[in-house]
Amino acid sequence: MFKKFFGAIKRTFSGKETVVFPQPRNETEIDREISALYSIVIDAMGSDRLVLQAGKMDALRFLRSNDPGERILALRRILEENPTLGPPPSKSEIPDEIVKLSELMADILARRQIEDKIDRKVNEKLEHDHQEYVKDIRLQILREEKPDEETPHEIKKREQLEKLESVQLTQSVMELLRPKTLDEIIGQERAVKSLRAKLASPYPQHLILYGPPGVGKTTAARLVLEAVKPLEYSPFAKDAPFVETDGTTLRWDPRDMTNPLLGSVHDPIYQGAQKSLADSGVPEPKPGLVTEAHGGILFIDEIGEMDMMLQNKLLKVLEDKRAFFESAYYDPTDERVPAYVKMLFENGAPADFVLIGATTRDASSINPALRSRCAEIYFEPLTPAHIIEIVKNAAEKLQVSLEDGVAETIAEYTIEGRKAINILADAYSLALESGGDFQITKNQIYEVAQVSRLFQYVTKKASSKAIVGHIFGLGVSGFIGSVIEIEAMVFPAEKGKGAIRFNETAGSMAKDSVFNAASVLRQVTGKDIHDFDVHINVIGGGNIDGPSAGTAILSALISAVTGAKIRQDVAVTGEISLQGRVRPVGGVFEKAYGAKQAGIKTLIIPKENAKDIPRGHLGLKIHAVETAEDAFKWIFEDKI
């Protein structure tokens, strides 16, 4: 055993056949035990490593010694890896040292066995993970080269969608009958001209369109954009977008978590940014409609319904021409942030567009600062003549004939172009069901009106017969004008003890107009109103918001007191002063439409409102007066 050990050392270091280490002269029991220990160490460590370790631990000289104590010291330094151990044990200490070395070697071998077992498991795990990693890389490459194969469930869902795509109804009747050119927009010639002038410019303006529903505001804006795109000086490109949204659906979120108009930021934790960003803890900015409309038009229908805070935010975007994003999760120094995300956070999203807002409400519902940056265009209410023309044009597109009076009948039920087309479409469906001649009749229109619970829009009709104590005043609600029937009746009473009764629902300002009229009555006729029991009534009980019925109330009162007859084809508006002067009022333009709807032929307005309405507007005879006595010439059949 001892010779074998030294022979191994000799072959490792010298490569020759001579023996390097001396052999012991007499092999005692101790020598054999020491040789056995060395053999075990060689089997465990290997002869090369044993000699290298002996050199490091300064034990090589003891390893070559014939002294058993020194060989034991060498073995201790090698196993305990301590070059400072010493001195060599004496002969009496050698047996105990051999026992200690045996126990030490047993511990080392046991530990080494466990370490080897752990190493094997670690290597196996590393190899397995490596194989899995390689497999994932291969799958990723395959996905890039070829899409994943669909599962049976995915195939079924896709086939269902494809089947749905293959089923199409014909286009809706509203889509078929919607105007395709600006010439087809009826009754809005002035508004469309103004709209085009403000967009067909190198410097287009932001706009707010006012007007009643169903008169073509949205369609006009869309068609005007298409009309100005080809112009040489137009800033709009051929592919300029027209982005349409509804102000009633836009609400300000104070948390800034959702904002389809201006854009929002989805944080990587709670709101679910896209996976590639969420995994890195990067927030995802999502541009809104203002960016989608960049280079084109952002059309907000019912802009008057928008939250005031959102209007303020929109105002800031109009000034900056950019929409900016903020997030507590954004770290500009994070190298994992994609370049486009960094650009959106640092520079904002482009939002250079022309805003067109449309509303059926009055101007007070819109932020004054926003209004100041927009030109304002008023679309006009439609007259019965306009409705008739719209119905006839729609009938041509539907390729149906109309019985005499059908278009006129529809015009009695609505002043909205959209509603008129809906009525015609419903009657068209009834005509299809009835068969026979493909013609829409008045009976079918009446049937549609009954089923839809429609009522005639104009119930107050003018006439050619003059009446005592009855006159048509004029009112306006929103953008719709209407006639107001006012009647008065008087009875003789004890001198100075007469009473005045006026329906309270008409409003306090209308009641004040009665007392103003009483003063003018005495001035004009010399009669005291307190000598009569007077009853003045606003038929229908409507509230008159303002003093504009003053001249009409005065005329009805004078007619009742004097018996003078009032023409029933005349309507009047204007505040009456104590001196009998006719003061200006608002909404004259809209009131003219109300008068036309009721069949009025002559319109009396304050002289100061003459500039508010074109002469001969809607075919009406318009007289602007300064005093009540001037108005009487057109109101009464006989001279007062």
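Begin with the crossing of helices H17 and H19, which is right-handed, meaning that the near helix is turned clockwise from the far one by less than a right angle. Select residues 406-413 for H17 and 442-451 for H19 in this predicted model, and you will find the two helices packed at an angle of about 20°, with their axes 9 Å apart; axes here are lines fitted to C-alpha atoms over the stretch in contact, and angles run from 0 to 180 degrees between N-to-C directions. H17 and H19 are therefore roughly parallel to each other, a term for angles under 35 degrees.

Next, show the side chains of Val406, Thr409, Ile410 and Tyr413 in H17, which meet Lys442, Ile445, Tyr446 and Ala449 in H19, contact being heavy atoms within 4.5 Å. The residues of this contact divide into six nonpolar, one polar and one charged.

Now move to the largest pocket, and centre the view on Arg178, Pro179, Gly216, Thr219 and Arg418, which lie nearest its centre among 31 lining residues. Its volume is about 750 Å³; a pocket is an open set of points on a 1 Å grid where a 1.4 Å probe fits, with protein on both sides within 12 Å along at least five of seven lines, and lining residues have an atom within 4 Å of a point. Colour H8 (173-177), H10 (217-228), H16 (384-398) and H18 (417-434), each of which supplies at least two lining residues, and note that H10 gives the most, with five.

Residues are numbered from 1 along each chain as its sequence is written. Local features need pLDDT of at least 70 and side-chain atom pairs pLDDT 80 or more, whereas totals for chains, interfaces and linings use all residues, and side-chain values use heavy atoms, without hydrogens and water.

Technical notes
Helix = DSSP H or I, 4+ residues; strand = E, 2+ residues; numbered from the N terminus. Parallel < 35°, antiparallel > 145°, perpendicular 65-115°, else oblique. Nonpolar A, V, L, I, M, F, W, Y, C, P; charged D, E, K, R; others polar. Points joined across faces, edges and corners; volume = space filled by probe spheres on them.
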